[in-house]
Amino acid sequence: QDSSATAVPYQGAEYLVSTTVGGQKLNLDFDTGSADLWVFSSSLSTASKQGHNVYTASKSSTYKSLSGYTWSIQYADGSGASGTVGTDTVTIGGTTVKNQAVELATKVSSSFVSDGSDGLVGLSFSNINTVQPVQQKTFFDNAKSSLASPLFAAYLPLNANGAYDFGYLDTTKYSGTPVYAAVSSAGGFWEFPSTSYKVGSTVHSTSSSVTGIADTGTTLILMTDAVVSAYYAQVSGAKNTADGYTFPCSATLPSLSFRIGSTSYATIPGKLLNFQVYSGSTCYGSLQSVGGGSQHIYGDVFFNAYYGIFDASQPRFGFAAI
Ligand SMILES: O=C(CCCl)NNC1=[NH+]CCN1
């Protein structure tokens, strides 16, 4: 049951997809950087429910509780949620999965209360799903046998409606021929080597252990401090503030390119590297530090430039300019 679901941009920070869970409509954030499908539930506090659609298990005729099952997740940005678990029928676009594990949030961190999503659909590998005592499968893992090809693709143009295509590639959404990198799923992510980058036309290489992940659940492009300092060294007036890198909004930003596996470089144009006004005539960069570690996180800003193809057949990650 191949299908396409519209992804609507929300405040420049995420894309929301209308998803039906047990006949109830929710606006969910599709996250290729995690593996839990969780929803705001009627059991949340009144304060936490403010501004959100919530899922009420008792109103669904197809909901089944998984007695004694729990989940608890912490994301790299410090946000988190936890709760109980059941199964229900989940429909995204025209693709339906019966008996999908649906994780009901009884607690959510403040950033989820204030943002637009009514929950997340994890689309990374199921080996990092947090449900206990029995780990559960992602929507895509459950759906893939019903798809023409075991893949999905993310089309997330800047400030415009995008889409998630399940089971097929929509050639009207990209130009040229996609290039692919082999993916290692051991860490649960769509992860590949990413060992060289360019600031404008100047090539830099990193240690061979550096990797990247394709992560639609992260807004920005987060790279190691070596990359970030090399980039902003080329931006007059750039500052590393407590909130991250800022620069004069009048700055002309160089492009940033990076290898995905041994493919050609993916290039993010300077225009996409100015994320938003920070304060007055100071702007905030789309490229920020990932903090520690040697794993770059390629978030929505990457997908503003490329159609991202998540192909479980090898597995591999592909991209083509949009
Ligand atoms: O947590 C991560 C980074 C994985 Cl290395 N991405 N997914 C996500 N979901 C909500 C905030 N961020």
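**A friendly note on the ligand and its protein**

1. Let's start at the ligand: a polar side-chain atom of Asp31 lies 2.9 Å from one of its nitrogen atoms. That is a polar contact, meaning a pair of N or O atoms within 3.5 Å; within protein, one must be able to donate a hydrogen and the other to accept it, and residues adjacent in sequence count only if both atoms are side-chain atoms. The backbone takes part too: an N or O atom of Ala76 is 3.2 Å from a ligand oxygen, and one of Gly217 is 3.3 Å from a ligand nitrogen. On its own the ligand exposes 350 Å², and the protein buries 91% of that (Shrake-Rupley areas, 1.4 Å probe).

2. Before going on, please note that this is a predicted model, in which local features need pLDDT of at least 70 and side-chain atom pairs count only at pLDDT 80 or more, while totals for chains, interfaces and linings use all residues. Residues are numbered from 1 along each chain as its sequence is written, and side-chain values use heavy atoms, with hydrogens and water left out.

3. Which residues come nearest to the ligand? Of the 13 around it, they are Asp31, Tyr75, Ala76, Asp77 and Asp215 (near: a heavy atom within 4 Å). By class, this shell has 6 nonpolar, 4 polar and 3 charged residues; here Ala, Val, Leu, Ile, Met, Phe, Trp, Tyr, Cys and Pro count as nonpolar, Asp, Glu, Lys and Arg as charged, and the others, Gly among them, as polar.

4. Now the whole chain: it has 5 helices and 26 strands (DSSP runs, H or I of at least four residues for helices and E of at least two for strands, numbered from the N terminus). Along its principal axes, the C-alpha trace spans about 60 × 45 × 35 Å.

5. Two peptide bonds are worth a look. The one from Gln132 to Pro133 is cis, with omega near 5 degrees, and Pro133 sits in the loop between β8 (119-122) and α3 (139-143). Another cis bond joins Gln314 and Pro315, with omega about -5 degrees; Pro315 is in the loop between β25 (306-311) and β26 (316-321).

6. Finally, visit Gln11, in the loop between β1 (3-10) and β2 (14-21). Gln11 is not a glycine, yet has a positive phi of about 50 degrees.
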